[in-house]
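Visitor: I am new to this structure and would like to learn how to read its features one at a time. Could you show me the model and then take me through it?

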Amino acid sequence: DTISMMEALKELIAEAETYEQDDYTEQSWAVFAEALGKAKEVVVLESPTDEEVKTAKEALENAQVVLENARKAKRDKNSVDTEIEVLKLKTMILGG
C-alpha cells in the first residue's frame, strides 16, 4: 500500500543521503541527484498517489544501481556501459 511504499521510499532516501559524490562519476551522480530530488518531492506531498511513490522509489533504486556500476567503472576505467545506463536512466527519470 501507499503507506508502506512511502516508508520504504523514506528509508531509501535516508540511505541515499549517505552517498559521497566524489565516489562516483559526474554523469551518474547527476542522474542520481535528480532521482533523489524527485523522491524528496514525493515524500512531502500531502497525498501522493501509489504511482508517484512507486515511480520515485523505482527511479531512486535504479539510480543507486547506476551509481554502483559507475563506482566500479571509475575504478576500472571502463565507463562506456555505465554511461549508456546513465543515459537510459536519465531518459526514464525525465520522462523522455
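Visitor: How much space lies in the largest pocket?

Guide: On a 1 Å grid over the protein atoms alone, a pocket is an open set of points with protein on both sides within 12 Å along at least five of seven lines, and lining residues have an atom within 4 Å of a point. Grid points are joined across faces, edges and corners, and the volume is the space filled by probe spheres set on the points. Here the largest pocket holds about 170 Å³. This is a predicted model, in which local features need pLDDT of at least 70 and side-chain atom pairs count only at pLDDT 80 or more, while totals for chains, interfaces and linings use all residues. Residues are numbered from 1 along each chain as its sequence is written, and side-chain values use heavy atoms, with hydrogens and water left out.

Visitor: Which residues line the largest pocket, and which elements give two or more residues to the lining?

Guide: The lining consists of Ala35, Lys38, Glu41, Val42, Glu52, Thr55, Ala56, Ala59, Met92 and Ile93. Two or more of the lining residues come from each of H2, H3 and H4, where a helix is a DSSP run of H or I with at least four residues, numbered from the N terminus.

Visitor: Which residues touch the most other members of the largest nonpolar core?

Guide: A nonpolar core is a set of buried Ala, Val, Leu, Ile, Met, Phe, Trp, Tyr and Cys residues joined through side-chain atoms within 4.5 Å, and buried means under 20% relative accessible area, exposed over 50%, with partly exposed in between (1.4 Å probe, protein chains only). In the largest core, which has 24 residues, Leu9, Phe32 and Leu60 touch the most other members. Helices H1 (2-16), H2 (26-43), H3 and H4 (80-94) each give two or more residues to this core. Contact means heavy atoms within 4.5 Å, and, leaving aside neighbours within four places in sequence, Leu60 is in contact with residues including Ile13, Phe32 and Leu36.

Visitor: Is Gln64 buried or exposed?

Guide: Gln64 counts as buried because its relative accessibility is 8%. Gln64 is found in helix H3 and, apart from neighbours within four places in sequence, is in contact with Leu12, Glu15, Ala16, Tyr19 and Phe32.

Visitor: And is Glu51 buried or exposed?

Guide: Glu51, placed in helix H3 (residues 50-76), counts as exposed because its relative accessibility is 51%. The C-alpha atoms of Glu51 and Thr2 are separated by 8.9 Å, although these residues are 49 residues apart along the chain.

Terms used: On a 1 Å grid over the protein atoms alone, a cavity is a set of points where a 1.4 Å probe fits but cannot get out, and a pocket is an open set with protein on both sides within 12 Å along at least five of seven lines; lining residues have an atom within 4 Å of a point.
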